Structure formats: structure tokens, C-alpha cells
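Here are a few friendly notes to read alongside the model. Please keep the structure open as you go through the points.

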Amino acid sequence: MKNWKAIGSSRFAVVGALLLVGMLWGSSFPLVAVAAPTLGAVGTTHGRFIVAALVLALITASSRSTWRAVGHRFPAFLLLAALNVAGPLTLVATAIVGLNSSTASILNATTPMFTVFVAAFWLRQKITWRKLSGVAIGIVGVSVLVGGIPSAIDSRAMLAIGASLTAALLYAVGGVYARKSFQDTPPLPLALGQQLAAVALLVPVSAVAPPPGPITVGPLIAVVALGLGATAGGYLVYFWIIRQAGPVAASAVTLLVPISASAIGVLWLNEPVTFALVGGLVIILAGVGLLLDLPPTRDPSRRVAPGRAASADKRPVSGRSEQSKVRPAHRRDRS
């Protein structure tokens with residue numbers, strides 16, 4: 001158990017988890033681009049939530065404690081789902097339809113910028129020049145990677161850009177809310193509760209926003225892939241990062257998302273490996289490194305005063321051990 005905690009609290013584990021989530025969430029942009037024109041932004045988002053909820057429900061089917069934890073705090077999960085998935089992912093899908101996956105991923109990379117200020121306001125975290133520099137460098141890296149946002153945009157593109165930026169703000173608030181209200185909740189029940197709540201929230205929305213086109217096999221496969229990888233798997237790891245390193249570090253994953261999108265283009269679409277791709281990768285990783293704080297072994301908010309800590313360290317483990325230590329002392333005093 002101690003070895004696992006040591007591994008979990010290391011910078012390498014957090015960076016590895018960020019890279020994994022960046023790959024999963026980066027792959028979601030082209031998948032949404034495949035599914036959304038047929039299923040619509042709401043249908044695509046709702047479908048991936050249903051798949052993810054089913055997967056997580058199967059994983060936790062025999063865990064009564066997990067289901068009790070979800071049921072006990074379901075109203076809080078509804079708010080978390082609205083802020084962290086239902087709202088922003090629907091907006092992102094809308095933006096991808098109005099723009100493209102690369103431009104949407106650029107705008108999604110503004111999430112750490114919002115998170116720094118939301119965490120400062122809500123968690124009273126200090127805004128340091130290191131964090132501000134990390135955000136700025138990351139945004140520069142994303143711009144280098146994908147060439148920036150196109151200059152010629154119409155009103156539809158402007159609405160899509162507004163949807164992307166609003167999604168980034170919701171991601172920031174959702175990540176901080178998860179850290180604030182679910183700090184002691186393990187990643188698995190946290191991911192399960194969020195997905196179940198998201199499915200419930202989008203039921204009435206899906207009823208008034210049906211798919212715009214005939215449903216075919218390709219979009220359905222894309223939605224299943226979204227639910228399995230980017231949603232179920234991605235959010236399990238994402239909540240682990242929040243628990244280990246905090247919401248600002250977790251939000252840095254949005255700077256890695258364009259890397260996955262570009263890698264998909266290189267490997268699957270035979271796009272060339274350019275200087276912008278390599279240079280953007282280096283710059284983005286530098287920005288992520290500045291945003292990361294080393295996760296402490298213990299939560300700083302739970303530090304105990306030195307005097308209380310010393311007395312707590314001397315406190316016996318059980319009543320028997322206390323008696324076994326006290327009685328001989330009394331006997332020596334009496335003799």
C-alpha cells in the first residue's frame with residue numbers, strides 16, 4: 001500500500017496520467033466530428049454518456065458502497081455533471097460542427113487560464129507568476145501547433161467560438177467544484193455518479209433536439225468509442241489527477257489535447273510531421289510543467305499544528321497499548 005501511495009504521489013505518475021487523458025480526449029474531437037453531423041451535438045453527447053454510464057455501472061455492479069455513495073450525493077452529482085460534462089461537452093460538440101476539431105481544441109486549451117482564476121477565487125489558491133507563465137506558454141504552444149485560429153470567420157463561427165470559450169469556463173468551474181466538494185470521493189464512484197447524472201440531465205434536452213439526419217453505423221461506432229475511451233476511461237483518470245495534484249494541474253490536460261489530434265492526422269490521415277508539430281509539442285509540455293505542482297503526500301489543507309501533531313504522534317494505537325505503557329510507569333513510581 002505504501003508503494004502505491006508513493007507512486008501515486010510522484011510527478012511522473014501525474015504527468016503520465018495527463019498524457020493519457022490528453023490522448024483520450026484528443027481522439028474525441030475527430031470522433032465527435034464524425035458523429036455530430038448525423039446525431040447532432042446533443043445526441044452525440046448524450047450517447048457517449050449512456051455508453052460510459054453502462055460501462056461504469058458494469059464495473060461497479062457488485063460494489064454496494066459505490067452505489068450508496070452515488071445515491072447519497074446524487075443532487076451534488078447533478079450539479080457536477082452540468083458543470084463538468086453535460087454543459088461543456090454539448091457546447092464543444094456544437095463548436096466542432098460550426099468550426100472544426102482543430103480550432104475547437106485550440107479554444108478548449110484556454111481552460112487552465114480560467115481554472116487559475118476560478119481556483120484563486122473559490123479555493124483561495126495564490127496566483128503565481130509561474131502559473132500565469134505556464135498558461136501563456138501553453139497557449140502559445142497550441143497556437144504554434146495548429147497554426148492559430150483562421151482569420152476569416154462568419155457569424156456561425158463566432159457563435160461556435162463563444163460556445164467553446166463558455167465550455168472552457170464551465171470545465172474550470174467543474175474541476176474546482178469537484179476538488180472542493182468531492183475531495184474524499186474515490187475516482188470510480190465520482191465518475192459513475194457524474195455520468196449517471198449527465199444521462200439524466202440530457203434526457204429532456206434530447207427529447208426536444210432529435211438527431212438531424214438518418215442514423216448510420218459510422219456515427220454509432222464513433223459514439224461507442226467516445227463513451228468507452230474519452231468519457232469512461234478519460235474521466236476516471238482525470239478525477240484521479242484532481243485528487244492527486246489539484247484542479248489547475250488537471251486542467252493542463254487541455255493543452256495536450258491538440259497533440260493527440262495532430263498525431264491522429266499524422267498516423268491515420270498521412271499528414272506531414274512539421275516543425276509546428278514538434279515545436280508545439282515542446283512548448284506545450286513546458287507550459288504544463290510550469291502549471292504542475294508537486295502533489296504533496298498529505299493535503300496541505302489538512303495540516304495539523306506542530307503541538308497537536310506531536311501529541312498525535314505520541315498517542316497510542318489502542319487502549320491496551322496505553323495501559324501497557326502506563327501501568328509499568330505507575331509501578332516504578334510506587335516502588
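1. Let me begin with tryptophan 25. Leaving aside residues up to four places away in sequence, tryptophan 25 touches Ala230, Gly234, Tyr235, Tyr238, Val253 and Val257. Please bear in mind that this is a predicted model.

2. Trp25 also belongs to the largest nonpolar core, which has 72 residues. Together with Phe49, Leu80, Tyr235, Phe239 and Ile241, Trp25 is among the members that touch the most others in this core. Helix α2, covering residues 11–59, is the biggest contributor to the core, with 15 residues.

3. Helix α10 deserves a look of its own.

4. Do look along α10 for its kink, which is about 35° and is centred on glycine 234. Glycine 234 is also one of the residues that tryptophan 25 touches.

5. Now for the whole protein. It contains 15 helices and zero strands. Of the contacts with a separation of 6 or more, 91% are between residues 24 or more positions apart.

6. Last, burial and surface. Buried residues make up 44% of the 335 in the protein. The accessible surface is about 17200 Å², and carbon and sulfur atoms account for 66% of that area.

Conventions. Residues are numbered from 1 along each chain as its sequence is written. This is a predicted model: local features need pLDDT of at least 70, side-chain atom pairs count only at pLDDT 80 or more; totals for chains, interfaces and linings use all residues. Side-chain values use heavy atoms; hydrogens and water are left out. The bend at a residue is the angle between axes fitted to the seven residues ending there and the seven starting there. Helices (H or I, at least four residues) and strands (E, at least two) are DSSP runs, numbered from the N terminus. Buried means under 20% relative accessible area, exposed over 50%, partly exposed in between (1.4 Å probe, protein chains only). Contact means heavy atoms within 4.5 Å. Accessible areas come from the Shrake-Rupley method with a 1.4 Å probe; for residues, only the protein chains shown count as cover. A nonpolar core is a set of buried Ala, Val, Leu, Ile, Met, Phe, Trp, Tyr and Cys residues joined through side-chain atoms within 4.5 Å.
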